[in-house]
Amino acid sequence: MYTFSGWIKLEGSSSALVTARLAPDNSGTRCIGTVLARSDCWSFLKGGFTLDWPTQTSVIFFQNADRTPMKITVASGSLQPFTMDQWSMHQKDTIRKRRKRMATIHVADPHGTRVVGATVSVQQTAKDFPFGSAIASTILGNDAYQKWFVDRFNAAVFEDELKWYSTEPASGLLRFDVPDQMLAFVRSHRVMVRGHNIFWENQDATPRWVKGLSPEDLRSAVNTRIQSLMTRYRGEFAHWDVNNEMLHYNFYEQRLGPNATADFFSVAQDADPLATLFMNEYNVVETCDDVSSSVDAYVARLKDLRAAGAVLEGIGLEGHFSKPNIPYMRAVLDKLATLNLPIWFTEVDINNKFDAQTQAVYLEQVLREAYAHPAVSGVMLWTALHQGGCYQMCLTDWNLNNLPVGDVVDRLLQEWQTGQATGPSDAHGAYSFSGYLGEYVVTVNYGNTSAQSTFSLSPGDETRHITVQI
């Protein structure tokens, strides 16, 4: 595994998207990084790759993404190799620092005297890190599916049920009964839920009746859409994907003007000021071959929207992976992290062109890298279960028997939680442990007496101290 970086400057063009490509033995090339380079300043390119095929010589070269000839100057290039074990050790070290915290339980009697030899048992009751999955209407009335879901996940997103074509299939015909029921389900189990989505720039995902509207009627319709959706669900959804996949499509902006998206964000913010509003896009982190959604294009669009007054506070990365390039994934996350906004993987899956075992291997790579990155605030799988299958990847069959990717998810969920920690209070009346961030209950037994208390492990570098009186 290799990380790669360098400073890039152009001659012959004011700006251009430059790609770094890897050519092993001059047979085919792979994109390993991109940067929107300029002629008047140096731009930082960061990428990476894994050499997972036999080769004697590999060449890294740079070119304009559209192949237009120009002079590209590279300075301070860096190529750093890592073994798989070294990469894994770095992930584990980051998890220890960012996803866990040391805690000490102090046991004392009513006079404040420390109690030695008490039995201290600590149990995690809720996780701090949101890890969830898409759900569909198929979960309604399906008790087994509901139990399976809440036993695993603390976050959800509705696959299609909030999209405009679902809630208003014809002009003025509002249908919120299904999302209402789905919301009642997640609310009853204290599962946080993302709002997906208000608009989708893809014309093929636009309601048929909307496509023929005049610009004036379309503007009225989109304002009604935001108001009807956001007023009904004000305070219910933690996030909203405001204008889905705007780097790839432009149905609304083509008809309403370049400021349409900024207007959407402003109206949505007014309608539900407590919701975090997101960009949501694919092929930002999955590959660097898609010139529409390079990491710099994402950053530039986000900054433009904020400059236009949009209250945009979340980075949504869909995560529809084929074969993942994990070093490149980390490079993109590092670059996005400089924006100091929460990063969410919103629709993670692995393409079904791979067999089930390969999907499982690739999914584990993606999830481990996402969970280990300190800027990632949550992960959602795009695995809503239907009798005929899932979008690309199912965790189980229709009878809820695990498939290989389901085994991966269950194993990681078990790994990323604190099992019951038990031990005696020491000579100082204390018991210490390292726990994953979240909510806990501690039980202390000493002789014929016992006491119980709850506490939280929130992010922090210092040891958390909890006193239990017995």
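Biologist: In what order do the three strands of the open sheet with mixed pairing come?
Modeller: Keep in mind that this is a predicted model. The order is β19-β7-β22, and the sheet is open with mixed pairing.

Biologist: Which strands stand at the edges there?
Modeller: β19 (430–436) and β22 (464–469) do. Each has a single partner strand, so one side of each is left without a neighbour in the sheet. From one strand to the next, the twist averages 25 degrees.

Biologist: And how many bridges join β7 to β22?
Modeller: Six, and the two strands run parallel. β7 covers residues 100–108. If you want a pair to click on, take T104, whose bridge partner in β22 is H465.

Biologist: OK, what about the sheet with β4, β1 and β6: what's the pairing there?
Modeller: Antiparallel, in an open sheet of three strands ordered β4-β1-β6. β4 (43–49) and β6 (71–81) are the edge strands, each pairing on one side only. Ignoring direction, neighbouring strands are turned by 20 degrees against each other on average.

Biologist: How many bridges are there between β1 and β6?
Modeller: Nine, in the antiparallel sense, with β1 spanning residues 2–11. One to look at is S5, which has S78 as its bridge partner in β6.

Biologist: Which helix packs on that sheet?
Modeller: α10, residues 326–337. Helix α10 touches β1 and β4, and its direction makes about 150 degrees with that of β4.

Biologist: Switching to helices now. At what angle do α11 and α12 pack?
Modeller: About 30 degrees, with their axes 8 Å apart. α11 is residues 356–372 and α12 is residues 404–415. That angle makes α11 roughly parallel to α12.

Biologist: Right-handed or left-handed crossing?
Modeller: Right-handed. On the α11 side the contact includes A360, L363 and L367, and on the α12 side V405, V408 and L412 are among the residues.

Biologist: What kinds of residues make up that contact?
Modeller: Nine are nonpolar, two polar and four charged. Among the residues of the contact are Q357 and E364 of α11, and R411 of α12.

Biologist: Last one: where is G172, and is it buried or exposed?
Modeller: G172 is in the loop between α3 (164–167) and α4 (177–188). Its relative accessibility is 57%, so G172 counts as exposed, the cut-off being over 50%.

Biologist: How far apart are G172 and V366 in space?
Modeller: 42 Å, C-alpha to C-alpha, and they are 194 residues apart in sequence.

Conventions
Residues are numbered from 1 along each chain as its sequence is written. This is a predicted model: local features need pLDDT of at least 70, side-chain atom pairs count only at pLDDT 80 or more; totals for chains, interfaces and linings use all residues. Side-chain values use heavy atoms; hydrogens and water are left out. Two strands pair if DSSP finds at least two bridges between them. Helices (H or I, at least four residues) and strands (E, at least two) are DSSP runs, numbered from the N terminus. Axes are lines fitted to C-alpha atoms, for helices over the stretch in contact, and angles run from 0 to 180 degrees between N-to-C directions. Buried means under 20% relative accessible area, exposed over 50%, partly exposed in between (1.4 Å probe, protein chains only). Angles under 35 degrees count as roughly parallel, over 145 as roughly antiparallel, 65 to 115 as roughly perpendicular and the rest as oblique. A crossing is left-handed if the near helix is turned anticlockwise from the far one by less than a right angle, and right-handed if clockwise. Contact means heavy atoms within 4.5 Å. Ala, Val, Leu, Ile, Met, Phe, Trp, Tyr, Cys and Pro count as nonpolar, Asp, Glu, Lys and Arg as charged, and the others, Gly among them, as polar.
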